[in-house]
Amino acid sequence: MSSEEAERLKTEANKFFEQKKYKEAVASYSQAIDACPTAILFSNRSFAHIKMENFGSAIEDANKAVSLDSNYIKGYYRLGAAYMALGKPRDALKNFRQVVKIVPNDRDARTKLLECEKQIKKMAFEEAIASEHTKSVFEEVSYQDTQVDESYTGPSYEGDKISKEFASHLVQHFKDQKNLHKRYVYRVLSEIYKLLLATPTLVEIPRPKEEGGKFTVCGDVHGQFYDLCNIFTLNGEPSEDNPYLFNGDFVDRGSFSVEVILTLLTYKLVYPNHFHLARGNHESKSMNKMYGFEGEVKAKYGEVAMSMFSEIFCLLPLAHVIGEKVLVVHGGLFSKDGVTLDDIKKINRNCEPPDSGLMSEILWSDPQAFPGRSPSKRGVGLSFGPDVTQRFLEHNGLELVIRSHEVKDEGYQFEHNGKLITLFSAPNYCDQVGNKGAFLILRHDLKPNLTSFEAVPHPNVRPMAYASNFNMFGL
């Protein structure tokens with residue numbers, strides 16, 4: 001192809017990008033790169049990858065851009081943004097320093113550089129405090145010390161056990177855009193902490209009853225509270241006869257994450273054996289700091305509540321097995337063959353997710369269409385093929401993997417010869433993607449039945465409203 005054809009494809013890709021059709025933009029940029037590879041094209045494709053949250057691919061392309069032109073500042077910008085998205089401000093800092101070195105008077109680069117420095121100092125301070133502070137926040141804070149004003153008319157409970165009436169009242173209270181009193185926030189979190197301490201890393205769930213039994217699995221919700229409520233409208237509220245599993249990424253991005261997580265934790269307390277929660281990659285300090293949950297919690301309930309949430313996230317199970325045949329994990333499978341369910345059970349989950357190993361892979365990995373394993377397009381975890389899935393299932397006597405972690409147009413996608421299903425439950429993700437959400441129902445025969453649904457209206461609070469410091473990086 002000629003340079004003229006490459007320019008035509010670049011123009012086509014730019015139009016796709018403007019229309020927020022990032023997958024199509026990547027395809028057109030790729031064709032243009034095949035015709036005439038330039039720093040501009042690699043940088044542009046890197047930006048499209050950032051918009052798709054494929055930060056590993058973005059870093060790879062940005063590195064190619066600066067290798068072709070060491071003074072091409074947009075390449076360093078892309079590297080900085082991708083590393084910030086991965087919660088690695090120290091790596092981002094190097095690249096924004098390079099921009100400032102090339103263009104010393106670039107105000108935007110200096111602003112980003114200062115933000116990186118600020119985050120690094122904050123991280124260092126928090127790490128120092130954490131190393132000195134070994135007690136759990138739950139040992140130091142009691143909900144009983146927080147008094148309720150007489151003017152408060154929201155949900156409350158003072159007895160020994162939380163009730164389904166409290167849960168229903170809470171949901172309506174949140175729909176009315178009102179906060180739960182801090183006393184009851186602390187109590188819900190304190191009781192969940194005790195419950196999760198006694199919960200295994202891999203939870204085994206019995207097969208649904210033969211007569212009329214069902215079990216519902218939901219994927220990422222990402223702070224979209226009103227869409228969560230719509231799931232319960234479409235499929236029924238949780239109960240002992242209507243059990244649920246929410247498969248991670250409850251928070252971040254959407255600006256009603258507090259309402260989502262408190263609703264889910266409350267239902268877990270009401271139905272401890274019939275309402276299940278798994279950890280996703282966004283149930284972590286680094287992601288919460290970047291994508292809004294930390295800012296939202298601190299704005300609504302303060303720093304103590306955020307410390308409580310962080311400890312609770314570290315106790316969430318990493319995997320569920322339904323009816324001895326269906327494995328449910330947030331991300332995917334592993335970088336080596338031979339991993340067993342017993343290996344998963346032995347993972348020490350009570351920590352922030354590491355950069356590598358079984359826990360990281362369970363939370364971050366993605367399926368790929370072709371055999372084998374490949375580096376992750378996200379920069380964490382890996383991509384694994386249908387042969388990897390088949391061997392894992394056979395080795396563990398399983399029949400199906402259900403995972404989440406990726407937006408899909410219909411809210412779900414069958415992959416790996418029907419042996420793996422991706423499930424995503426946040427429709428019109430971030431108010432801009434236009435995808436449907438979905439939930440999955442298993443009955444006694446464990447055959448998956450999928451239902452897609454559209455987004456519903458929500459109050460006028462934009463996604464990432466509590467992550468304003470990071471919007472400057474184009475995330």
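Partly exposed denotes a relative accessible area between the buried limit, under 20%, and the exposed limit, over 50%. The views below show a predicted model.

**View 1. Salt bridge between Arg8 and Glu12 within helix 1**. Glu12, with a relative accessible area of 27%, is therefore partly exposed. Arg8 also counts as partly exposed, at 42% relative accessibility. The closest N and O atoms of the pair are 3.6 Å apart. Both residues belong to helix 1 (residues 3-18) and are separated by four residues, about one turn of the helix.

**View 2. Salt bridge between Lys300 and Glu296 within helix 14**. Here the closest N and O atoms are 2.7 Å apart. Lys300 and Glu296 lie four residues apart in helix 14 (residues 293-300), and both are buried.

**View 3. Salt bridge between Asp337 and Arg391**. The two side chains meet at 2.8 Å, N to O. Asp337 is located in the loop between strand 6 (326-329) and helix 16 (341-345), whereas Arg391 is in helix 18 (residues 386-396), so the pair ties together parts 54 residues apart in sequence. Asp337 is partly exposed, at 41% relative accessible area, as is Arg391, at 34%.

**View 4. Crossing of helix 10 and helix 12**. The axes of helix 10 (residues 182-197) and helix 12 (residues 257-270) come within 10 Å and cross at roughly 55 degrees, which makes helix 10 oblique to helix 12. The crossing is left-handed. Contact residues in helix 10 include Val185, Leu189 and Ile192, and those in helix 12 include Leu262, Leu265 and Leu269. By class, the contact has eight nonpolar, one polar and two charged residues.

Conventions
Residues are numbered from 1 along each chain as its sequence is written. This is a predicted model: local features need pLDDT of at least 70, side-chain atom pairs count only at pLDDT 80 or more; totals for chains, interfaces and linings use all residues. Side-chain values use heavy atoms; hydrogens and water are left out. Axes are lines fitted to C-alpha atoms, for helices over the stretch in contact, and angles run from 0 to 180 degrees between N-to-C directions. Helices (H or I, at least four residues) and strands (E, at least two) are DSSP runs, numbered from the N terminus. Angles under 35 degrees count as roughly parallel, over 145 as roughly antiparallel, 65 to 115 as roughly perpendicular and the rest as oblique. A crossing is left-handed if the near helix is turned anticlockwise from the far one by less than a right angle, and right-handed if clockwise. Contact means heavy atoms within 4.5 Å. Ala, Val, Leu, Ile, Met, Phe, Trp, Tyr, Cys and Pro count as nonpolar, Asp, Glu, Lys and Arg as charged, and the others, Gly among them, as polar. A salt bridge is a side-chain nitrogen of Lys or Arg within 4 Å of a carboxyl oxygen of Asp or Glu. Buried means under 20% relative accessible area, exposed over 50%, partly exposed in between (1.4 Å probe, protein chains only).
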